[in-house]
Amino acid sequence: MLPGLKFVAVLGVVVGAMGSIPAQAETIRVNIDKLVFAPANISAKVGDTIQWVNEDVLAHTATVKGDWDVMIPPKKIVSFVLKKAGDVEYYCRFHPNMKGRIAVAPK
Amino acid sequence: MFARLSTAVAVICLLGTPSFAQGAKPTDPQIAHIAYTAGVIDVTAAKQAIKKSKNKAVVSFAKDMVRDHEAVNKQALALVKKLKVTPEDNDTSRTLTKQAAAKQAELAKLKGAAYDKAYAANEVAYHKAVIGALETQLIPASSNAELKGLLETGVKIFQGHLEHAEHVAAELK
Ligand SMILES: [Cu+2]
């Protein structure tokens with residue numbers, strides 16, 4: 001398990017025990033290797049963080065037309081917090097053949 | 001001219017130059033050289049575009065080409081070094097370089113929107129030609145698994161650039 005995810009899990013347990021805050025925000029990891037977003041389709045909710053892990057020597061982006069645009073430099077991990085509910089399709093501006101999809105549920 | 005890359009490869013095979021004689025496939029050192037050359041050609045064309053063009057989309061596309069192809073070629077050099085393969089110059093590489101130089105001279109004479117359109121159109125044709133050559137000739141002929149893998153990733157990169165180039169070309173119309 002990833003250190004980040006474990007942290008979130010632990011936090012989730014602590015918060016759960018306190019019983020005051022409902023659904024705890026999660027971090028969802030999307031790997032980028034050889035110009036492929038994996039997993040390509042994910043489900044999340046508002047407030048969750050998407051963490052793109054770029055294994056390529058190439059820069060990529062996660063771009064939603066007319067909305068957000070996240071730069072993902074080579075060999076870097078970039079995080080982005082989802083702010084709006086809805087189904088979004090994103091792609092890489094540099095390699096538009098790279099596509100992903102996030103179903104964002106309301107909080 | 002660039003569009004004839006795969007044809008050029010085929011013609012060279014037909015002509016039966018020593019390295020490709022009797023239907024012989026290109027060797028890994030030759031394939032590595034051809035793939036590297038294909039990247040260098042696109043970087044050279046992009047550098048000309050960065051100098052000549054005033055169109056934002058064209059310049060930013062060209063910068064993407066320089067960055068990507070330089071990164072991939074660096075990775076390719078690291079791989080051949082690791083595999084102890086010395087890229088070997090060959091007729092296909094030489095033909096490609098010659099055609100590229102001719103294309104560049106042709107593009108050098110153009111200005112403004114005419115240049116932008118010609119550069120974008122050539123990028124579309126060139127990327128298509130390289131994808132064709134990779135898929136039909138270089139990948140099937142490569143024997144080292146890691147080299148093959150790099151070429152397969154190369155196809156995806158060139159496909160991405162092709163789509164990007166098509167968007168840029170469409171915007172210029
Ligand atoms: Cu990309």
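How many residue pairs are in polar contact across the interface of chain A and chain B? I started my notebook with that one. This is a predicted model, so I kept to pairs with both residues at pLDDT 80 or more, and the rule finds three.

**Entry: the interface**

Next I looked up who touches whom. I found 11 residues of chain A in contact with 15 residues of chain B. The area buried between the two chains comes to about 1,100 Å², and carbon and sulfur atoms give 60% of that area. I then sorted the residues on the side of chain A that touches chain B: seven are nonpolar, two are polar and two are charged. I also checked for salt bridges between chain A and chain B, and the count is zero.

**Entry: salt bridges overall**

Over all chains the structure holds 13 salt bridges. I picked a few to follow up.

**Entry: Arg67(B) and its partners**

Which residues does Arg67(B) pair with? I noted Asp64(B) as one partner, with the closest N and O atoms 3.2 Å apart. Asp68(B) is another, and here the N to O distance is 3.8 Å.

Then I asked myself: is Arg67(B) buried or partly exposed? Its relative accessibility is 33%, so I wrote it down as partly exposed.

**Entry: Lys103(B) and Glu106(B)**

I moved on to helix α4 of chain B, residues 91-108. Lys103(B) and Glu106(B) meet there in a salt bridge, 3.2 Å from N to O. These two are also three residues apart, which means about one helical turn lies between them. For accessibility, I have Lys103(B) at 12%, so it counts as buried. Glu106(B) comes out at 43%, so I logged it as partly exposed.

**Entry: a network in chain A**

Which residues do salt bridges with shared partners join into one network? I listed Glu26(A), Lys45(A) and Asp48(A).

Note on methods
Residues are numbered from 1 along each chain as its sequence is written. Chains are lettered from A and ligands numbered from 1 in the order in which they are written. This is a predicted model: local features need pLDDT of at least 70, side-chain atom pairs count only at pLDDT 80 or more; totals for chains, interfaces and linings use all residues. Side-chain values use heavy atoms; hydrogens and water are left out. A salt bridge is a side-chain nitrogen of Lys or Arg within 4 Å of a carboxyl oxygen of Asp or Glu. Buried means under 20% relative accessible area, exposed over 50%, partly exposed in between (1.4 Å probe, protein chains only). Helices (H or I, at least four residues) and strands (E, at least two) are DSSP runs, numbered from the N terminus. Contact means heavy atoms within 4.5 Å. Buried area is the accessible area (1.4 Å probe) that two parts lose on being put together, summed over both. A polar contact is a pair of N or O atoms within 3.5 Å; within protein, one must be able to donate a hydrogen and the other to accept it, and residues adjacent in sequence count only if both atoms are side-chain atoms. Ala, Val, Leu, Ile, Met, Phe, Trp, Tyr, Cys and Pro count as nonpolar, Asp, Glu, Lys and Arg as charged, and the others, Gly among them, as polar.
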